[in-house]
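Please open the model in your viewer and keep a selection panel at hand. The stops below are given in the order in which they may be selected, with a note on what is there at each.

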Amino acid sequence: MMKSLVNKQRQTQGQGQDAQKLGKMVQEMMEIEGVKNLLEAERLYRIPGKAAEALTTVYESIKLLKEENEQQEKLQVALALAAELELESKTKRCTQRAMELLDEADQITSGTARVESLRARVLKAQGKLKAAIAILEPFGDGPRPMCTLNGMDFFHLGRAWGDMGADEAYAKKAVKLLTAGWARGAGADASYALGQMHEQTYVEEALTMFNWGPVHEKKGSYEESLEFYKKAARENRRDARPPYRLGLLAEDGYLQKIYFGLGSIPPTPEGGENSVEDELSRITNAKTWSASSMEEEILAIARKHGVVEDSPEVSVLLQALTAEHKQLTEANDRDKCETVMVLYHYKARQLISEGGCPVGRANKVDLFLREAWQFYQEALAVDKNCGIDVHLHLARTQRWMGMGDKAVLTLSAALEQHPDNAQLVTYLALVRKPPEEGTPCPPAVWEARKSLLQCVKDAEAMGSKLPVACLSKELMHVSSPDLLRMVCAVTAEYNKNEDYPAAREIAHPLIALVPEVIQMLGDTGVAPLELKEDLKNLQAHYLKALLNEGSKECMDEAIIIFDQLYEIFKVCCNVPGVAVSKLERFVQVCQEAAASMKLRTDAHARLGSAILIRITNDPSYDKSSQKANRVKELKKAEKELRDALELEGQPCETELQPAAAAPPPPEPVESKTSIVEEDEDLEEDKISPKPVKSPGKKSQVALPAAVASPTPEAAAPTPAKKDQRKSLAMKRMSAFGPAILEGLVQKESKQQVDTINPKSYLARMELQKVLREIEFNSPGMLAPKDKLSESARLECIQLLKECIAMDPKNVEPYVMLGEVMMPYSGKEALEEMSKYPTPDDRPLTFDDSFLHTEIVRLAFKHAESEGRESAMYYSPIVERSLVTAGKVLGFDGISKWTDILDKKAKYKLCKKVYCLVIGRSETDPDIQQFLKSKGWDV
């Protein structure tokens with residue numbers, strides 16, 4: 001009412017007595033305290049982050065207006081605004097409070113469009129869709145014709161239809177009503193609501209499993225939401241919400257690149273949708289990365305642009321990437337441009353995370369990031385006292401753009417208004433001095449440890465599911481590398497101070513949730529690489545805390561964490577060019593575990609394996625001056641591996657004392673993804689807990705999914721709370737569909753810790769490698785490079801045969817056995833390797849082809865040493881292996897070996913292999929022509 005009077009006053013300016021009369025009415029209404037509060041609440045409603053303050057103010061307005069009997073119309077407006085704020089707060093019992101307010105408003109004037117549309121939205125939030133539709137349908141038909149509605153009525157009805165769900169018919173009605181509302185004076189409010197609708201569509205696309213990726217580049221909902229938000233910002237310069245939402249969308253465009261990267265993604269066929277197989281192919285077609293592959297590609301580009309240093313500065317690499325991007329842009333090579341930008345973001349973020357700043361020509365700020373920074377500044381220009389979120393997002397974009405000093409000023413100004421806000425305190429500490437692995441925790445981060453713990457608890461409450469809004473919405477989500485890096489630093493400092501319960505308390509939530517996030521994100525972006533590296537460091541610190549506490553419960557959990565950590569380290573360290581510091585860290589972690597788990601076979605086996613991996617990949621051990629040192633380290637690895645074999649069959653536990661202290665149990669988690677109360681579901685979980693599944697086979701992948709880690713009884717939540725958390729976690733994951741639940745995230749299973757040491761495959765496999773290395777590196781050895789002493793050879797053969805007996809479907813021991821036996825007895829070596837069970841009930845795989853190519857390689861190598869007419873060339877095993885490998889790799893994949901046979905004049909064998917590989921007879925005219933061209937028609 002007040003707004004309409006003000007608008008009418010503006011329209012009648014200069015029209016004599018009518019204008020004076022309206023002006024007097026406006027002035028009188030302004031003098032009423034309740035109306036002042038109502039106007040203030042409407043102003044706060046349009047400022048991001050001020051919804052709680054607006055709700056308090058509107059309740060004060062309602063109280064004052066109830067005392068003014070002549071202000072019933074404004075009282076109804078205040079009640080409706082309070083109901084809307086309650087609904088959007090998404091707190092417990094919010095729908096009940098909103099419905100009570102609407103009932104009270106209905107007593108003043110029943111059936112108004114605003115009240116009824118809000119009532120429909122509340123019913124939809126309660127899960128009563130049919131009842132909500134029944135309220136909205138009469139408008140426009142029958143007793144409530146459209147001609148009786150004004151612009152704001154159309155606006156409220158359009159918003160309500162937009163909230164009814166993803167049904168296309170509802171969306172069309174919403175767009176039609178909001179457009180009509182805009183034409184009838186709703187203006188910026190209608191434009192903003194249309195922007196919200198399109199943004200929600202974009203969010204649904206972004207969070208759909210098969211549509212993860214750079215959806216901001218698709219023509220559609222993303223661009224439509226930008227257009228309507230910009231329109232709303234132009235129409236009402238005093239509304240800070242449109243520029244803030246524009247900033248979130250622009251920031252999200254940047255984060256889409258960082259989290260998902262860019263790759264070759266085939267378009268959806270016209271007139272239809274991709275099948276599940278097509279969509280899975282779409283995901284796998286995107287370029288995947290590892291940290292080592294990124295570093296190699298960046299260095300190759302730097303070499304191309306004249307960088308000759310072995311370890312160039314990051315700023316030099318950024319300049320080379322910028323120059324490469326410029327060349328590709330001029331050549332209009334869009335795909336390669338996108339790849340270079342992913343590499344650029346990787347190095348730039350690496351520099352910024354260490355407290356540096358790309359400057360000069362190297363500072364190539366992402367367009368999305370620059371736009372986000374500008375929009376957030378516009379939002380603050382509307383009201384400098386905007387909510388905390390605006391300041392946090394502005395500071396984050398400033399930090400990513402290398403404006404660390406400005407980010408500190410932004411956060412300090414916000415902290416003056418909200419000194420107790422955990423996110424502000426935490427992020428300010430991060431911006432002032434980012435933590436680095438291997439260095440002491442920065443004082444600012446350590447002082448903010450209590451605020452950081454609160455952020456971790458908030459992240460745990462949100463769960464591993466990506467935010468139900470833009471990726472940019474939540475700063476302290478478990479998918480944030482910044483949060484993980486800070487927790488790493490604080491956990492390490494707690495360990496240094498021997499405060500192990502506190503270290504476990506702050507680290508455990510992320511240990512459980514971050515692996516799930518990494519599984520969801522895949523390997524096509526920069527952020528997953530950062531998360532993997534930081535998770536590895538956090539697991540190492542967490543493992544140290546568990547080992548030092550020493551209780552049985554902690555040791556059980558330490559065994560599970562060590563299992564995961566070893567696999568991660570093994571993959572990232574067992575590559576050429578890996579940093580020596582990473583190798584040393586790998587050995588250190590295994591040493592700490594072996595020292596605390598002296599009676600466990602797997603701990604000693606992994607330590608021996610870690611020492612061998614360090615020796616193999618550390619270039620300093622390759623120097624002739626380090627040969628004695630290399631043998632000394634190999635002897636250490638041999639001792640650990642033999643200790644592991646001696647412990648087999650023995651008890652692997654000692655009597656341990658219970659934990660002296662433990663972190664408090666986590667608070668009950670409330671889902672923030674829905675405003676529908678979940679009390680009934682949680683009660684059902686308490687009454688009927690889910691049955692415990694049988695122990696599953698341990699995962700052998702580099703990044704196993706999170707498992708439910710056992711914690712001390714004093715620290716463990718009650719069974720009811722465990723069921724609640726499991727139920728909520730499954731509900732969060734259900735949004736990603738059955739493929740996520742069944743495949744991408746490992747099903748939850750309670751891992752059983754062995755009490756008797758089993759036989760160790762790893763100890764046997766690594767010990768035979770160590771024995772061979774010792775033989776080839778010991779001073780005074782006269783044996784050829786590929787031959788072993790009799791005792792070492794027999795022991796290696798025995799160890800490998802035991803490995804085959806333990807895991808007959810694993811290719812590796814067959815190949816190793818062939819390498820050991822071939823110099824002494826080629827025929828026996830081929831027979832042992834051919835015992836690998838090549839499957840008849842499934843298609844051949846690359847693992848199968850690998851074994852058979854190794855058979856051919858070793859056979860040809862041995863035949864070369866025997867001479868031209870070696871019997872190896874005619875071995876049926878070699879022939880069968882050539883055909884098997886060719887069926888998987890194609891004939892071109894084995895052409896290297898057929899060329900050798902061709903040079904040795906083995907034409908009949910070449911002809912036979914070719915025909916068997918392609919599955920056609922040599923009598924086929926086309927085949928005869930090919931054979932003739934190759935000279936194999938004999």
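Predicted model: local features only at pLDDT ≥ 70, side-chain atom pairs only at ≥ 80, totals over all residues.

Select Phe 891, Tyr 914, Phe 930 and Trp 936 together: ring pairs link these residues into a cluster, where rings of Phe, Tyr and Trp (its six-membered ring) pair if their centres lie within 6.5 Å, and where planes under 30 degrees apart count as stacked, over 60 as edge-to-face and the rest as tilted. By this rule the count comes to 13 aromatic pairs. One of them joins Trp 161 and Tyr 170, with ring centres 5.7 Å apart and planes at 40°, so this pair is tilted. Both Trp 161 and Tyr 170 are buried, a word that stands for under 20% relative accessible area, with exposed meaning over 50% and partly exposed in between (1.4 Å probe, protein chains only). Another pair to display is Tyr 814 with Tyr 836, which is edge-to-face at 5.3 Å centre to centre and 85° between the planes. This pair links distant parts of the chain, 22 residues apart, since Tyr 814 is in helix α36 (residues 811-821) and Tyr 836 is in the loop between α37 (826-833) and α38 (846-866). Both of these tyrosines, Tyr 814 and Tyr 836, are buried.

Residues are numbered from 1 along each chain as its sequence is written, and side-chain values use heavy atoms, with hydrogens and water left out.

Now colour by pLDDT, the predictor's confidence in each residue, from 0 to 100. The mean over the chain is 76, and 74% of its residues reach 70 or more. Confidence is lowest in helix α33 (residues 738-744), at a mean of 36, and highest in helix α22 (residues 443-447), at 93. Over residues 8-15 the pLDDT is below 50, and this stretch has eight contacts in the model beyond near neighbours in sequence, a contact being heavy atoms within 4.5 Å. Residues 209-219 also stay under 50, and for them the model has 40 contacts beyond four places in sequence.

Zoom out to the whole chain and switch to a cartoon. The chain has 42 helices and zero strands; helices (H or I, at least four residues) and strands (E, at least two) are DSSP runs, numbered from the N terminus. Of the 938 residues in the chain, 52% are buried. Among contacts with a separation of 6 or more, 69% are between residues 24 or more positions apart.

Next, select Ile 804, which is placed in helix α35 (residues 790-806). Ile 804 is buried, with a relative accessible area of 14%, and, leaving aside its neighbours within four places in sequence, it is in contact with Pro 813, Tyr 814 and Leu 817. Its C-alpha is 9.1 Å from that of Tyr 761, although Ile 804 and Tyr 761 are 43 residues apart in sequence.

Move to helix α30 (residues 627-646), whose 20 residues reach 29 Å from first C-alpha to last, close to the 28 Å expected at 1.5 Å a residue, the expected span being 1.5 Å times one less than the number of residues. The buried residues of α30 include Arg 630, Glu 633, Glu 638, Glu 640 and Asp 643, and what covers its buried residues includes α29 and α34 (761-777). In helix α29 (residues 601-617), pick Arg 614. Is Arg 614 buried or exposed? Arg 614 is buried, at a relative accessible area of 8%, and, not counting residues up to four places away in sequence, it touches Leu 583, Glu 584, Val 587, Tyr 621 and Glu 633.

Glu 498, in the loop between α24 (481-496) and α25 (500-521), has a positive phi of about 60° although it is not a glycine, and at 59% relative accessibility Glu 498 counts as exposed. Ala 905, in the loop between α40 (895-903) and α41 (907-918), has a phi near 65°, a positive value in a residue other than glycine; Ala 905 is partly exposed, with a relative accessible area of 35%.
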